[in-house]
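Work through the exercises below with the sequence and the 3D view at hand. Each task is followed by a solution in steps.

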Amino acid sequence: MADINRLKVVLVEKKRTNKWLAEQLGKDPATVSKWCTNTSQPDLQTLTKIAFLLGVEVRNLINKNADIYESSEAIQ
């Protein structure tokens, strides 16, 4: 699976942990871990809240890598 989000990278840049984010969002730490490993993705509303909590723009949480588009084309 392609790395759709950059959540893991941004958390490191902001010196925050998965556990901290899970507590802030009221989510299970396992859920946040899945987002960080790109096993699953947060919905848009949650992604917006994450961006607010981390003090970044939503677009900074999304990977712009061309591999994502190539992977999605292969699925179709």
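**Exercise 1: the whole chain**

Task: Find what share of the contacts with a separation of 6 or more joins residues 24 or more positions apart.

Solution: The model is a predicted one. In it, residues 24 or more positions apart account for 63% of the contacts with a separation of 6 or more. The chain holds 5 helices and 0 strands, in the order α-α-α-α-α from the N terminus. Of its 76 residues, 30% count as buried.

**Exercise 2: the buried residues of helix 2**

Task: State which residues of helix 2 are buried and which helices they pack against.

Solution: Start with the extent of helix 2, residues 18-25. Within this stretch W20, L21, A22 and L25 are buried, that is, under 20% relative accessible area. Next, look for their partners: these buried residues pack against helix 1 (7-13), helix 3 (29-36) and helix 4 (44-54). Last, look just past the end of helix 2, where G26 has a positive phi of about 70°.

**Exercise 3: helix 2 against helix 3**

Task: Describe how helix 2 and helix 3 pack, giving the angle and the distance between their axes.

Solution: The axes of the two helices are 9 Å apart and the packing angle is about 120°. Helix 2 is therefore oblique to helix 3. The crossing of helix 2 past helix 3 is right-handed. For the residues involved, take N18, L21, A22 and L25 from helix 2; they meet P29, V32, S33, W35 and C36 of helix 3. Sorted by type, the residues of this contact are 7 nonpolar, 2 polar and no charged.

Definitions and conventions: Residues numbered from 1 in each chain as written. Predicted model: local features only at pLDDT ≥ 70, side-chain atom pairs only at ≥ 80, totals over all residues. Heavy atoms only, no water. Helix = DSSP H or I, 4+ residues; strand = E, 2+ residues; numbered from the N terminus. Buried < 20%, exposed > 50% of the residue type's maximum accessible area, 1.4 Å probe, protein only. Contact = heavy atoms within 4.5 Å. Axes fitted to C-alpha atoms, helices over the stretch in contact; angles between N-to-C directions. Parallel < 35°, antiparallel > 145°, perpendicular 65-115°, else oblique. Left-handed = near helix turned anticlockwise from the far one by under 90°. Nonpolar A, V, L, I, M, F, W, Y, C, P; charged D, E, K, R; others polar.
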